[in-house]
Amino acid sequence: MTLEKDLILILDFGSQYTQLIARRIRELGIYSLVKAYDSNIKEIENLKPKGIILSGGPNSVNIENTLKPSKKIFALEIPILGICYGMQLLAKEFGGKVIKSNKKEFGDSKFMIKKKSKLFKNIEINLNHNVWMSHADKVSNLPKNFSKIGESTNSKIAAFENKNKNIFGIQFHPEVTHTLLGKKILKNFIEICECKKSWTAKKITKEMIKKIKLDVADDKVILALSGGVDSSVVAAILNKAIGKQLSCIFIDTGLLRKNEVSEVRKITSSLKINLTIVDASRKFLLALRGVSDPEKKRKIIGKCFIDTFNSEAKKIKNVKYLGQGTIYPDVIESSSKNSKSDVIKSHHNVGGLPKKMKLKLVEPIRDLFKDEVRKIGLDLGLPRALINRHPFPGPGLAVRILGEINHEKVRILQEVDYIFIEELRKNNLYNKTDQALVVLIPSKSVGVMGDKRQYGYVVALRAVNTTDFMTATASHIRHEILNNISTRIINEVDGVARVVYDITSKPPGTIEWE
Ligand code: XMP
């Protein structure tokens with residue numbers, strides 16, 4: 001984006017919290033970007049950052065060939081904050097000493113400010129503060145011209161500064177919510193960098209629209225709408241920017257949630273978005289007939305999706321652009337791979353569309369985190385229920401029906417899923433869980449209905465809490481609520497004889513069953 005805005009640049013040394021630093025800075029109204037630790041100095045200079053943060057990371061600064069930034073960042077004469085590994089790097093760089101700690105600190109720890117510093121403005125001195133630590137090394141000797149400003153339970157030097165150069169180091173993680181004073185510290189750092197607030201949903205939206213108008217001009221854009229948050233927000237932005245030059249295509253795979261098609265129609269028509277709905281459900285179900293291997297199912301669905309999208313797109317003449325809902329975490333994950341952070345990107349949406357189409361990409365939300373995408377979506381008039389929707393996998397209910405898929409199983413699962421989600425909403429639990437789903441287990445179990453024995457499928461309810469979908473725990477749902485949901489399902493959905501609740505964490509389980 002071209003908005004003239006003050007930037008805090010984060011160099012990523014592979015900490016699992018690096019993205020969080022950027023999110024916290026942005027929450028404070030300042031633009032922030034994550035770049036690989038070894039970014040070229042020219043690239044850094046071109047970005048004109050007002051301050052740099054060196055992230056944490058899993059390495060030790062004492063090993064050979066340890067990860068280092070370009071030395072020239074220290075000549076830029078802008079404030080620098082080193083966090084954890086970043087702090088140790090600064091210590092070493094300026095002639096201090098870092099040693100292996102005899103006691104590692106992981107998790108909650110106590111931190112005490114020992115000397116007034118601009119970094120700790122409005123935070124009480126000589127008092128214990130709860131902080132989040134994750135380190136095995138520690139700074140044992142300060143570099144020349146640096147002074148200690150804080151200590152923790154196991155580190156005599158847990159924070160330091162070079163007042164003249166505006167260089168700071170903290171051993172703990174201010175970006176993690178356990179560190180209660182973290183937000184204040186980051187705010188103080190932003191003040192030290194003399195950043196002006198410019199990162200608000202309104203300004204971002206305005207800037208995005210301006211840029212799309214400029215880039216796309218009079219050309220046409222097509223977009224695969226999935227009914228999820230990202231593609232819906234992209235549709236709303238593009239629609240605002242270029243109106244009828246946008247054509248959205250929604251493919252009904254026959255593997256969607258109940259009422260999905262009518263919901264999408266309702267929303268797009270209220271925003272006057274140009275939409276074609278393609279009913280390809282027969283094609284998908286036919287292609288999946290007799291297939292029970294999960295990866296095969298995914299491949300078949302991916303291919304059917306692309307074929308269907310392609311043939312529909314061809315009907316729209318003179319299209320130049322393909323809209324995509326890529327968001328910032330995807331961009332960081334692919335660009336920071338050198339930083340050795342342990343990112344496991346397990347899934348891609350089926351919407352990864354054909355290169356053959358020779359279309360230029362327009363990716364308006366490429367710079368944004370999910371919570372920012374949500375704010376913008378609300379600003380653009382998308383309904384809150386859509387914005388707060390749980391993720392839904394590209395292959396849809398196909399990966400929630402174990403084994404072979406047929407129309408009957410899809411129908412049953414749609415009904416059960418509808419009841420589960422409706423009950424979670426009624427009980428104010430939907431927004432307290434991060435993903436809720438139902439799995440249909442294709443073996444039949446005995447039940448008694450009225451006075452008759454009957455066989456029906458088993459369905460497993462699953463609701464999880466997670467921040468990044470890489471780890472998750474089963475949500476706690478009260479027994480009475482589960483009982484009620486189970487009763488409704490058995491009474492209202494023909495073909496189900498038993499309801500179970502999945503309490504497996506991830507790992508070892510995954511969120512989906514296939
Ligand atoms: P797992 O099951 O790996 O899921 O714990 C993590 C997250 O990814 C979603 N998921 C998928 N999304 N295509 C998608 O677009 C897929 O094939 C796919 N499989 C899993 C899952 O719903 C959860 O949010």
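Biologist: How many aromatic pairs does the rule count?

Modeller: The count comes to nine aromatic pairs. Keep in mind that this is a predicted model.

Biologist: Why is the pair of Phe74 and Phe94 called edge-to-face?

Modeller: Two values decide it. The ring centres of Phe74 and Phe94 lie 5.2 Å apart, and rings pair if their centres lie within 6.5 Å. Their planes stand at 80 degrees, and planes over 60 count as edge-to-face. So the pair is edge-to-face.

Biologist: What makes this pair a tie between parts of the chain?

Modeller: Phe74 sits in the loop between β3 (51-54) and β4 (80-83). Phe94 sits in the loop between α3 (85-93) and β5 (97-113). The pair therefore ties together parts that are 20 residues apart in sequence.

Biologist: How do you know that domain 2 and domain 3 are in contact?

Modeller: Contact needs heavy atoms within 4.5 Å. By that rule, 11 residues of domain 2 are in contact with eight residues of domain 3. The two domains bury about 730 Å² between them. Carbon and sulfur atoms account for 56% of that area.

Biologist: Why is Glu415 with Lys258 called a salt bridge?

Modeller: The closest N and O atoms of Glu415 and Lys258 are 3.2 Å apart. The cut-off is 4 Å between a Lys or Arg side-chain nitrogen and an Asp or Glu carboxyl oxygen, so Glu415 and Lys258 form a salt bridge. Across the interface of domain 2 and domain 3, the rule finds one salt bridge.

Biologist: Which classes make up the side of domain 2 that touches domain 3?

Modeller: Six residues are nonpolar, two polar and three charged.

How values were computed. Residues numbered from 1 in each chain as written. Predicted model: local features only at pLDDT ≥ 70, side-chain atom pairs only at ≥ 80, totals over all residues. Heavy atoms only, no water. Buried area = accessible area lost by both parts, 1.4 Å probe. Nonpolar A, V, L, I, M, F, W, Y, C, P; charged D, E, K, R; others polar. Phe/Tyr/Trp six-rings, centres within 6.5 Å; stacked < 30°, edge-to-face > 60°. Helix = DSSP H or I, 4+ residues; strand = E, 2+ residues; numbered from the N terminus.
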